[in-house]
Amino acid sequence: MPARLKDWLPTLRSLRAAPPEPFEDVIRREADADAVPIDRLRPRQLAAVAGRLTAVASRTDGRSPSVEAELSDGTGQVALVWMGRRRIVGLEAGTRLVARGRVAQLADGRLAVYNPTYELCTPTAGKRAPRPPVSADQPHELEGPH
């Protein structure tokens, strides 16, 4: 599994959004009071993280498809990976969101959350969008036409 994440790292670097402004406290306050700063995440911890997606990539080359993203909150970065998905509407570089799931540590030491539930935050007010959290178990609500 870690080798797969290494494969998409160059793609993520090429898709990066503009560098995030220092908003680690603001994003957690606006999005979710129980969000943990990314630099405090530990492997196997069940956590909520809030931040901005700095890169999003879809992987479909010769294996099970996945949507992979990098979330930053100003204190660090964590990979978010949705297995079995080709696309998730609304996920793009620059999007603010709150993600919840179990933290895993990759062989290279980076942290990742597989199949997290998430809530999109509106870009102007920083408030959560008025729709329920979604997960990979609800593909009919997330995917657009194939």
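Is Glu119 buried or exposed, and what is its relative accessible area? In this predicted model, local features require a pLDDT of at least 70 and side-chain atom pairs count only at pLDDT 80 or more, whereas totals for chains, interfaces and linings use all residues. Residues are numbered from 1 along each chain as its sequence is written, and side-chain values use heavy atoms, with hydrogens and water left out.

Glu119 is buried, at a relative accessible area of 10%; the term denotes under 20% relative accessible area, against over 50% for exposed and the range in between for partly exposed (1.4 Å probe, protein chains only). The residue lies in strand S6 (residues 117-120), strands being DSSP runs of E with at least two residues, numbered from the N terminus. A polar contact of 2.8 Å links the side chains of Glu119 and Arg100, where such a contact is a pair of N or O atoms within 3.5 Å; within protein, one atom must be able to donate a hydrogen and the other to accept it, and residues adjacent in sequence count only if both atoms are side-chain atoms.

Strand S3 (residues 77-83) is largely enclosed by the rest of the structure, because 5 of its 7 residues are buried. Strands S2 (residues 66-72) and S3 pair in the antiparallel sense over 7 bridges, pairing requiring at least two DSSP bridges between two strands. Gln77 in S3 is the bridge partner of Ser72. The S2 and S3 hairpin has 4 residues between the strands, and Gly74 adopts a positive phi near 95 degrees there. S3 also runs parallel to strand S5 (residues 111-114), joined by 3 bridges, with Ala79 opposite Ala112 in S5.
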